[in-house]
Amino acid sequence: MLLELFLTFLMIGFVSFGGGYAVIPLIREEIVERHGWMTVREMNDAIAVASMTPGPFAVNSAVFIGYSEAGIAGAIAAAAGAAAPSLILIVLLGAIYVQVRRYELVQSAFYGLRPVIAGLVVYAAILMVLNNRLFAEFSYPSAALSAVFLLSLAAFYFRLHPLYVMLIAGAVGAIGFV
Amino acid sequence: MKETGHRNVAFVLQIFRTFLKISPFAFGGGYALIALIEREAADRRKWLDSRELADIIALSQSVPGAVGMNAAMLIGYRLARLPGAIAAAAGVLVPAFAIVLTLGIVLLQFRQVPEVRAAFSSITAAVAALIAYAAFRLVRAAVVDKTAAFLIVSTVLALYFLDVHPVFLVLAGGAAGMAAKALRKRLGKPAKAAGRREPVYKYDDYFIGDGI
(Lines give C-alpha, C1' and ligand atoms only; values in the text may rest on other atoms or scores of the structure.)
Protein backbone atom coordinates (compact mmCIF):
# COMPACT_ATOMS: atom_id res chain seq x y z
CA MET A 1 0.00 0.00 0.00
CA LEU A 2 2.70 2.45 0.96
CA LEU A 3 4.69 1.52 -2.08
CA GLU A 4 1.62 1.90 -4.26
CA LEU A 5 0.99 5.34 -2.85
CA PHE A 6 4.59 6.32 -3.44
CA LEU A 7 4.66 5.04 -7.01
CA THR A 8 1.30 6.48 -7.93
CA PHE A 9 2.24 9.95 -6.82
CA LEU A 10 5.68 9.54 -8.32
CA MET A 11 4.07 8.99 -11.68
CA ILE A 12 1.72 11.91 -11.16
CA GLY A 13 4.66 14.05 -10.11
CA PHE A 14 6.65 13.29 -13.24
CA VAL A 15 4.00 14.65 -15.56
CA SER A 16 2.79 17.52 -13.42
CA PHE A 17 4.12 20.25 -15.63
CA GLY A 18 3.01 23.58 -14.37
CA GLY A 19 2.23 22.03 -10.99
CA GLY A 20 -1.11 23.21 -9.81
CA TYR A 21 -4.52 21.96 -10.75
CA ALA A 22 -3.46 20.08 -13.86
CA VAL A 23 -2.95 17.07 -11.61
CA ILE A 24 -6.64 16.85 -10.73
CA PRO A 25 -7.57 14.71 -13.76
CA LEU A 26 -4.56 12.54 -12.96
CA ILE A 27 -5.64 12.12 -9.35
CA ARG A 28 -9.15 11.29 -10.45
CA GLU A 29 -7.93 8.71 -12.93
CA GLU A 30 -5.51 7.04 -10.57
CA ILE A 31 -6.97 7.44 -7.11
CA VAL A 32 -10.68 7.25 -7.83
CA GLU A 33 -11.01 5.26 -11.02
CA ARG A 34 -8.09 2.91 -11.12
CA HIS A 35 -7.34 2.18 -7.47
CA GLY A 36 -10.71 3.00 -6.03
CA TRP A 37 -9.11 4.44 -2.93
CA MET A 38 -11.53 7.31 -2.71
CA THR A 39 -14.96 8.35 -3.76
CA VAL A 40 -15.56 11.48 -5.77
CA ARG A 41 -16.93 13.21 -2.69
CA GLU A 42 -13.73 12.40 -0.76
CA MET A 43 -11.60 13.61 -3.64
CA ASN A 44 -13.44 16.92 -3.52
CA ASP A 45 -12.52 17.22 0.13
CA ALA A 46 -8.91 16.50 -0.74
CA ILE A 47 -8.94 19.22 -3.37
CA ALA A 48 -10.49 21.68 -0.93
CA VAL A 49 -7.93 20.96 1.78
CA ALA A 50 -5.04 21.06 -0.68
CA SER A 51 -6.18 24.44 -1.97
CA MET A 52 -6.54 26.01 1.44
CA THR A 53 -3.09 25.17 2.66
CA PRO A 54 0.33 26.54 1.78
CA GLY A 55 2.57 24.37 -0.34
CA PRO A 56 2.33 22.86 -3.79
CA PHE A 57 -1.12 21.59 -4.67
CA ALA A 58 0.14 18.21 -5.85
CA VAL A 59 2.09 17.57 -2.65
CA ASN A 60 -0.72 18.81 -0.44
CA SER A 61 -3.25 16.51 -2.03
CA ALA A 62 -0.74 13.67 -1.78
CA VAL A 63 -0.44 14.27 1.96
CA PHE A 64 -4.21 14.26 2.48
CA ILE A 65 -4.88 11.28 0.27
CA GLY A 66 -1.94 9.37 1.71
CA TYR A 67 -3.15 10.02 5.22
CA SER A 68 -6.72 8.96 4.60
CA GLU A 69 -5.46 5.76 3.05
CA ALA A 70 -2.66 4.75 5.37
CA GLY A 71 -2.20 7.20 8.18
CA ILE A 72 0.91 9.26 8.66
CA ALA A 73 3.10 6.70 6.96
CA GLY A 74 0.84 6.95 3.94
CA ALA A 75 1.04 10.72 3.99
CA ILE A 76 4.83 10.58 4.00
CA ALA A 77 4.99 7.96 1.25
CA ALA A 78 2.62 9.87 -0.98
CA ALA A 79 4.30 13.21 -0.37
CA ALA A 80 7.72 11.72 -1.05
CA GLY A 81 6.44 10.35 -4.34
CA ALA A 82 5.00 13.70 -5.33
CA ALA A 83 8.13 15.65 -4.45
CA ALA A 84 10.74 13.19 -5.69
CA PRO A 85 10.50 13.93 -9.43
CA SER A 86 11.23 17.58 -8.82
CA LEU A 87 14.24 16.79 -6.67
CA ILE A 88 15.62 14.24 -9.10
CA LEU A 89 15.23 16.43 -12.15
CA ILE A 90 16.49 19.59 -10.48
CA VAL A 91 19.59 17.83 -9.24
CA LEU A 92 20.19 16.27 -12.65
CA LEU A 93 19.78 19.59 -14.42
CA GLY A 94 21.76 21.40 -11.78
CA ALA A 95 24.61 19.00 -12.18
CA ILE A 96 24.69 19.45 -15.91
CA TYR A 97 24.20 23.18 -15.43
CA VAL A 98 22.20 23.38 -18.55
CA GLN A 99 19.72 25.99 -19.54
CA VAL A 100 17.29 23.35 -20.67
CA ARG A 101 14.64 25.64 -21.93
CA ARG A 102 16.93 27.28 -24.45
CA TYR A 103 17.05 24.12 -26.51
CA GLU A 104 14.72 24.23 -29.46
CA LEU A 105 13.55 20.71 -28.81
CA VAL A 106 12.39 21.59 -25.32
CA GLN A 107 10.73 24.74 -26.55
CA SER A 108 8.83 22.86 -29.20
CA ALA A 109 7.76 20.23 -26.68
CA PHE A 110 6.37 22.97 -24.51
CA TYR A 111 4.56 24.44 -27.47
CA GLY A 112 2.45 21.29 -27.33
CA LEU A 113 2.48 20.89 -23.56
CA ARG A 114 1.01 24.27 -22.71
CA PRO A 115 -2.31 23.68 -24.51
CA VAL A 116 -2.60 20.17 -23.09
CA ILE A 117 -1.99 21.42 -19.56
CA ALA A 118 -4.58 24.13 -20.14
CA GLY A 119 -6.97 21.44 -21.34
CA LEU A 120 -6.34 19.40 -18.20
CA VAL A 121 -7.23 22.35 -15.98
CA VAL A 122 -10.34 23.07 -18.06
CA TYR A 123 -11.39 19.47 -17.55
CA ALA A 124 -10.61 19.78 -13.83
CA ALA A 125 -12.94 22.79 -13.71
CA ILE A 126 -15.64 20.84 -15.51
CA LEU A 127 -15.23 17.96 -13.07
CA MET A 128 -15.54 20.28 -10.10
CA VAL A 129 -18.70 21.88 -11.41
CA LEU A 130 -20.30 18.54 -12.22
CA ASN A 131 -19.23 16.69 -9.09
CA ASN A 132 -20.56 19.40 -6.84
CA ARG A 133 -23.81 19.67 -8.68
CA LEU A 134 -23.38 23.34 -9.29
CA PHE A 135 -25.96 24.73 -11.68
CA ALA A 136 -27.52 21.30 -11.71
CA GLU A 137 -30.94 21.57 -10.20
CA PHE A 138 -33.44 24.08 -8.91
CA SER A 139 -32.90 23.37 -5.25
CA TYR A 140 -31.74 25.60 -2.44
CA PRO A 141 -28.40 23.87 -1.83
CA SER A 142 -27.51 23.81 -5.50
CA ALA A 143 -28.50 27.44 -6.01
CA ALA A 144 -26.61 28.55 -2.90
CA LEU A 145 -23.45 26.73 -3.96
CA SER A 146 -23.76 28.13 -7.45
CA ALA A 147 -24.00 31.58 -5.94
CA VAL A 148 -20.86 30.96 -3.93
CA PHE A 149 -19.19 29.78 -7.11
CA LEU A 150 -20.12 32.89 -9.08
CA LEU A 151 -19.28 35.28 -6.29
CA SER A 152 -15.92 33.63 -5.76
CA LEU A 153 -15.24 33.87 -9.47
CA ALA A 154 -15.92 37.58 -9.31
CA ALA A 155 -13.72 37.91 -6.24
CA PHE A 156 -10.80 36.24 -8.01
CA TYR A 157 -11.31 38.40 -11.04
CA PHE A 158 -10.95 41.40 -8.77
CA ARG A 159 -7.75 39.94 -7.34
CA LEU A 160 -9.03 39.05 -3.90
CA HIS A 161 -6.67 36.59 -2.21
CA PRO A 162 -8.00 33.04 -2.52
CA LEU A 163 -7.44 32.22 1.13
CA TYR A 164 -9.79 34.99 2.22
CA VAL A 165 -12.37 33.94 -0.32
CA MET A 166 -12.24 30.37 0.89
CA LEU A 167 -12.48 31.32 4.55
CA ILE A 168 -15.44 33.56 3.84
CA ALA A 169 -17.05 30.81 1.80
CA GLY A 170 -16.53 28.40 4.67
CA ALA A 171 -18.10 30.79 7.16
CA VAL A 172 -21.02 31.49 4.87
CA GLY A 173 -21.51 27.79 4.40
CA ALA A 174 -21.45 26.94 8.06
CA ILE A 175 -23.81 29.75 8.98
CA GLY A 176 -26.09 29.84 6.01
CA PHE A 177 -26.55 26.31 4.84
CA VAL A 178 -27.40 24.41 7.96
CA MET B 1 25.56 33.12 -6.71
CA LYS B 2 27.23 32.64 -3.39
CA GLU B 3 28.67 29.13 -3.28
CA THR B 4 30.03 28.87 0.19
CA GLY B 5 31.40 25.54 1.39
CA HIS B 6 28.77 23.03 0.46
CA ARG B 7 29.80 20.78 3.25
CA ASN B 8 29.17 23.48 5.80
CA VAL B 9 26.44 22.07 7.98
CA ALA B 10 25.57 25.42 9.47
CA PHE B 11 24.96 26.86 6.02
CA VAL B 12 22.77 23.97 4.98
CA LEU B 13 20.76 24.38 8.15
CA GLN B 14 20.43 28.05 7.38
CA ILE B 15 19.00 27.19 3.98
CA PHE B 16 16.52 24.89 5.66
CA ARG B 17 15.52 27.51 8.20
CA THR B 18 15.10 30.18 5.56
CA PHE B 19 12.65 28.18 3.50
CA LEU B 20 10.98 26.90 6.64
CA LYS B 21 10.31 30.49 7.57
CA ILE B 22 8.74 31.60 4.35
CA SER B 23 6.86 28.57 3.14
CA PRO B 24 3.89 28.70 5.55
CA PHE B 25 2.88 31.95 3.92
CA ALA B 26 2.90 30.65 0.38
CA PHE B 27 -0.85 30.35 0.01
CA GLY B 28 -2.64 29.76 -3.22
CA GLY B 29 0.16 27.93 -4.94
CA GLY B 30 1.46 29.25 -8.19
CA TYR B 31 4.02 31.92 -7.72
CA ALA B 32 3.26 32.77 -4.12
CA LEU B 33 6.45 31.10 -3.02
CA ILE B 34 8.41 32.82 -5.75
CA ALA B 35 7.36 36.23 -4.48
CA LEU B 36 8.45 35.25 -0.97
CA ILE B 37 11.71 33.80 -2.24
CA GLU B 38 12.48 37.02 -4.00
CA ARG B 39 11.95 38.99 -0.85
CA GLU B 40 13.91 36.69 1.37
CA ALA B 41 16.59 35.06 -0.72
CA ALA B 42 17.29 37.86 -3.15
CA ASP B 43 16.61 41.04 -1.25
CA ARG B 44 17.36 40.14 2.32
CA ARG B 45 20.02 37.48 2.13
CA LYS B 46 21.49 38.47 -1.19
CA TRP B 47 21.85 34.89 -2.25
CA LEU B 48 21.00 35.70 -5.82
CA ASP B 49 20.32 38.71 -7.99
CA SER B 50 17.25 39.41 -10.08
CA ARG B 51 18.73 38.01 -13.26
CA GLU B 52 19.57 34.72 -11.61
CA LEU B 53 16.09 34.65 -10.15
CA ALA B 54 14.58 35.09 -13.60
CA ASP B 55 16.71 32.24 -14.90
CA ILE B 56 15.70 30.07 -11.99
CA ILE B 57 12.02 30.80 -12.50
CA ALA B 58 12.33 29.92 -16.17
CA LEU B 59 14.13 26.69 -15.42
CA SER B 60 11.65 25.81 -12.67
CA GLN B 61 8.84 26.11 -15.17
CA SER B 62 10.53 23.69 -17.52
CA VAL B 63 10.61 20.89 -14.99
CA PRO B 64 7.53 19.00 -13.80
CA GLY B 65 6.30 19.91 -10.40
CA ALA B 66 5.27 23.09 -8.68
CA VAL B 67 7.25 26.08 -9.79
CA GLY B 68 7.80 27.34 -6.25
CA MET B 69 9.17 24.07 -4.97
CA ASN B 70 11.35 23.61 -8.02
CA ALA B 71 12.79 27.08 -7.59
CA ALA B 72 13.51 26.45 -3.92
CA MET B 73 15.28 23.19 -4.69
CA LEU B 74 17.24 24.78 -7.47
CA ILE B 75 18.41 27.60 -5.25
CA GLY B 76 19.29 25.13 -2.53
CA TYR B 77 21.26 23.05 -5.00
CA ARG B 78 23.15 26.00 -6.39
CA LEU B 79 24.04 27.14 -2.90
CA ALA B 80 25.09 23.85 -1.40
CA ARG B 81 24.65 21.01 -3.90
CA LEU B 82 22.54 18.03 -2.91
CA PRO B 83 22.36 18.74 0.82
CA GLY B 84 21.24 22.26 -0.03
CA ALA B 85 18.54 21.02 -2.38
CA ILE B 86 17.24 18.60 0.22
CA ALA B 87 17.35 21.26 2.92
CA ALA B 88 15.38 23.66 0.74
CA ALA B 89 12.87 20.96 -0.15
CA ALA B 90 12.44 20.04 3.50
CA GLY B 91 11.98 23.67 4.45
CA VAL B 92 9.22 24.04 1.89
CA LEU B 93 7.51 20.74 2.56
CA VAL B 94 7.60 20.35 6.32
CA PRO B 95 5.25 23.22 7.22
CA ALA B 96 2.91 22.37 4.36
CA PHE B 97 2.93 18.74 5.44
CA ALA B 98 2.10 19.65 9.04
CA ILE B 99 -0.66 22.08 8.12
CA VAL B 100 -2.29 19.81 5.58
CA LEU B 101 -2.11 16.89 7.99
CA THR B 102 -3.70 18.93 10.77
CA LEU B 103 -6.49 20.24 8.60
CA GLY B 104 -6.97 16.82 7.06
CA ILE B 105 -7.25 15.07 10.39
CA VAL B 106 -9.72 17.66 11.61
CA LEU B 107 -11.84 17.21 8.52
CA LEU B 108 -11.76 13.45 8.64
CA GLN B 109 -12.76 13.52 12.28
CA PHE B 110 -15.55 16.04 12.03
CA ARG B 111 -16.82 15.22 8.60
CA GLN B 112 -20.24 14.25 9.88
CA VAL B 113 -20.89 17.46 11.75
CA PRO B 114 -23.40 19.36 9.60
CA GLU B 115 -21.68 22.72 9.98
CA VAL B 116 -18.38 21.25 8.90
CA ARG B 117 -19.99 19.48 5.98
CA ALA B 118 -21.73 22.68 4.94
CA ALA B 119 -18.60 24.76 5.31
CA PHE B 120 -16.60 22.38 3.16
CA SER B 121 -19.26 22.21 0.49
CA SER B 122 -19.12 25.95 0.30
CA ILE B 123 -15.33 26.02 0.24
CA THR B 124 -15.34 23.43 -2.51
CA ALA B 125 -17.60 25.69 -4.55
CA ALA B 126 -15.10 28.51 -4.06
CA VAL B 127 -12.24 26.20 -5.05
CA ALA B 128 -14.18 25.20 -8.16
CA ALA B 129 -14.32 28.88 -9.02
CA LEU B 130 -10.58 29.17 -8.42
CA ILE B 131 -9.89 26.29 -10.77
CA ALA B 132 -12.26 27.71 -13.36
CA TYR B 133 -10.48 31.03 -13.15
CA ALA B 134 -7.10 29.34 -13.48
CA ALA B 135 -8.40 27.41 -16.48
CA PHE B 136 -9.57 30.60 -18.11
CA ARG B 137 -6.19 32.29 -17.63
CA LEU B 138 -4.26 29.25 -18.83
CA VAL B 139 -6.36 28.92 -21.95
CA ARG B 140 -5.96 32.57 -22.73
CA ALA B 141 -2.19 32.27 -22.40
CA ALA B 142 -1.98 28.99 -24.31
CA VAL B 143 -4.10 29.86 -27.34
CA VAL B 144 -1.39 31.28 -29.53
CA ASP B 145 -2.54 29.75 -32.77
CA LYS B 146 -4.98 27.28 -34.26
CA THR B 147 -2.82 24.28 -33.46
CA ALA B 148 -2.81 25.18 -29.79
CA ALA B 149 -6.56 25.77 -29.81
CA PHE B 150 -7.04 22.39 -31.44
CA LEU B 151 -4.89 20.72 -28.79
CA ILE B 152 -6.83 22.32 -25.96
CA VAL B 153 -10.18 21.28 -27.35
CA SER B 154 -9.11 17.77 -28.21
CA THR B 155 -7.58 17.31 -24.77
CA VAL B 156 -10.83 18.23 -23.08
CA LEU B 157 -12.88 16.07 -25.44
CA ALA B 158 -10.54 13.11 -25.07
CA LEU B 159 -10.78 13.36 -21.29
CA TYR B 160 -14.51 13.85 -21.17
CA PHE B 161 -15.74 11.41 -23.79
CA LEU B 162 -12.95 8.92 -24.26
CA ASP B 163 -11.64 8.68 -20.72
CA VAL B 164 -8.08 8.76 -21.98
CA HIS B 165 -5.53 8.59 -19.20
CA PRO B 166 -4.18 12.10 -18.69
CA VAL B 167 -0.61 10.82 -18.67
CA PHE B 168 -0.90 9.86 -22.31
CA LEU B 169 -2.27 13.26 -23.18
CA VAL B 170 0.62 15.04 -21.52
CA LEU B 171 3.19 12.88 -23.28
CA ALA B 172 1.29 13.17 -26.55
CA GLY B 173 1.20 16.93 -26.13
CA GLY B 174 4.94 17.11 -25.83
CA ALA B 175 5.39 14.83 -28.82
CA ALA B 176 2.81 16.77 -30.82
CA GLY B 177 4.58 20.00 -30.06
CA MET B 178 7.89 18.67 -31.29
CA ALA B 179 6.27 17.16 -34.35
CA ALA B 180 4.40 20.35 -35.18
CA LYS B 181 7.51 22.45 -34.95
CA ALA B 182 9.49 19.98 -37.04
CA LEU B 183 6.74 19.92 -39.63
CA ARG B 184 6.66 23.68 -39.78
CA LYS B 185 10.37 23.75 -40.34
CA ARG B 186 10.12 21.13 -43.06
CA LEU B 187 7.40 23.08 -44.83
CA GLY B 188 9.57 26.13 -44.73
CA LYS B 189 7.14 28.17 -42.72
CA PRO B 190 8.81 30.94 -40.75
CA ALA B 191 9.63 29.81 -37.24
CA LYS B 192 6.96 31.07 -34.91
CA ALA B 193 8.28 33.43 -32.34
CA ALA B 194 7.86 32.43 -28.71
CA GLY B 195 4.21 33.07 -29.42
CA ARG B 196 3.54 35.19 -26.41
CA ARG B 197 5.49 37.31 -24.06
CA GLU B 198 7.73 35.49 -21.62
CA PRO B 199 5.59 34.72 -18.60
CA VAL B 200 7.23 36.91 -16.03
CA TYR B 201 5.41 36.39 -12.81
CA LYS B 202 3.08 39.13 -11.87
CA TYR B 203 2.71 39.99 -8.23
CA ASP B 204 -0.99 40.55 -8.13
CA ASP B 205 -1.89 37.39 -9.99
CA TYR B 206 0.61 35.23 -8.27
CA PHE B 207 -1.90 32.89 -6.81
CA ILE B 208 -3.04 31.46 -10.10
CA GLY B 209 -1.13 28.43 -11.22
CA ASP B 210 0.04 30.07 -14.39
CA GLY B 211 1.94 26.90 -14.99
CA ILE B 212 4.24 26.88 -17.91
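Me: How are the angles between helix axes taken in this predicted model?

Reply: In this predicted model, axes are lines fitted to C-alpha atoms, for helices over the stretch in contact, and the angles run from 0 to 180 degrees between N-to-C directions. On that basis, the axes of helix α6 (residues 140–157) of chain A and α5(B) cross at roughly 45° and come within 8 Å.

Me: Why is α6(A) called oblique to α5(B)?

Reply: Angles under 35 degrees count as roughly parallel and those from 65 to 115 as roughly perpendicular, while over 145 is roughly antiparallel and the rest is oblique. The crossing angle is roughly 45°, and therefore α6(A) is oblique to α5(B). The crossing of these two helices is also right-handed.

Me: What makes the contact of α6(A) with α5(B), by residue and by class?

Reply: From α6(A) come A:L145, A:V148, A:F149, A:S152, A:L153 and A:F156, and among the residues of α5(B) that they meet are B:A125, B:A129 and B:Y133. The residues of this contact divide into twelve nonpolar, three polar and no charged.

Me: Which elements make up the side of chain B that touches chain A, and what is its division by class?

Reply: The contact takes 85 residues from chain B and 92 residues from chain A. On chain B, the elements that give two or more residues are α3 (50–62), α4 (67–110), α5 (114–142), α6 (146–161) and α7 (166–186). By class, this side of chain B holds 62 nonpolar, 19 polar and four charged residues.

Methods. Residues numbered from 1 in each chain as written. Chains lettered and ligands numbered in written order. Predicted model: local features only at pLDDT ≥ 70, side-chain atom pairs only at ≥ 80, totals over all residues. Contact = placed C-beta atoms within 7 Å. Helix = DSSP H or I, 4+ residues; strand = E, 2+ residues; numbered from the N terminus. Nonpolar A, V, L, I, M, F, W, Y, C, P; charged D, E, K, R; others polar. Left-handed = near helix turned anticlockwise from the far one by under 90°.
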